[in-house]
Amino acid sequence: METTDTIKGRLSPAIALVLLESLRDVDTPPEVLEDEAFHISLPRRLGLSDVIDGQMRRYADMNRRRRLVEAGEFVDLLRLIARRPDAAAVFEAAGGRLGSEYASRTPRAAGLARRLAPVGVRRRSMLKHLRRVAAALSPGSSIRTERGDPAVSVDRCLPAVADDSGSACAMITAAVAACLEGLGELGPVQHPSCESRGDESCRWELHAVPDGG
């Protein structure tokens, strides 16, 4: 497994913060537990620990100061969460939030213009947004888009570098799907190729914009 000191790039601390917030939410009991039972289970709930709380405060402060997080540190977070049996749920929750937040920043007028535009224009706009989402979650990677059969490919994808099982890539899958939904482009997102499985690149295929038009 690659060491973090060889991983280059920086990313927004808001991304790391959302990841830890999602971890906290998954570890928060869905209902009020008896005090004794809760205190017994608390040590096993990493998302509710003082260490994670301190990290969240740090990332929030970095975000306010507009400082960036080293990609190697982000990979360490992905690896920490990837050890959990429910890792995919944490990654999917974080990716969904990030994709929705990104799409919500698109001005309403611009979003309406997109929906009324020809399919070719919509496709180019969609891929531009998704390229930015992938770049935000995998800084320093080589990212390609394909308009024929809409797809986004990422070489040396950070989530795949972080986790040999491929579960961390669920963060990008969920972010892409949520961004598409926020842009009004409903449809499935597939992840047929993954570097964690030995493929040349991580690839996401998008089935959101119909042919023609």
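## Helix 3 and its surroundings

The buried residues of helix 3 pack against helix 1 (13-27), strand 2 (69-70) and helix 4 (71-82); helices (H or I, at least four residues) and strands (E, at least two) are DSSP runs, numbered from the N terminus, and contact means heavy atoms within 4.5 Å. The buried residues in question are Ile52, Met56, Tyr59, Ala60 and Met62, where buried means under 20% relative accessible area, exposed over 50%, and partly exposed in between (1.4 Å probe, protein chains only). They cover an arc of only 160° around the axis, so they lie on the same side of helix 3; this arc is that of the directions from the helix axis to the C-beta atoms. The face turned away from the buried side of helix 3 carries the exposed residues Asp50, Val51, Arg57 and Arg64.

## How the model is described

This is a predicted model, in which local features need pLDDT of at least 70 and side-chain atom pairs count only at pLDDT 80 or more, while totals for chains, interfaces and linings use all residues. Residues are numbered from 1 along each chain as its sequence is written, and side-chain values use heavy atoms, with hydrogens and water left out.

A search of the whole structure finds 13 salt bridges, each being a side-chain nitrogen of Lys or Arg within 4 Å of a carboxyl oxygen of Asp or Glu. One of them joins Arg64 to Asp61, with the closest N and O atoms 3.6 Å apart. Because Arg64 and Asp61 are three residues apart in helix 3, about one helical turn separates them. Arg64 is exposed, with a relative accessible area of 62%, whereas Asp61 is partly exposed at 27%. Asp61 also meets the side chain of Arg65 in a salt bridge (2.9 Å, N to O).

## The chain as a whole

The chain holds nine helices and six strands, and buried residues make up 48% of its 213 residues. In the largest nonpolar core, which has 57 residues, Leu19, Phe91, Met171 and Leu206 touch the most other members; such a core is a set of buried Ala, Val, Leu, Ile, Met, Phe, Trp, Tyr and Cys residues joined through side-chain atoms within 4.5 Å. Leaving aside neighbours within four places in sequence, Leu206 is in contact with residues including Met126, Leu130, Val152 and Leu180.
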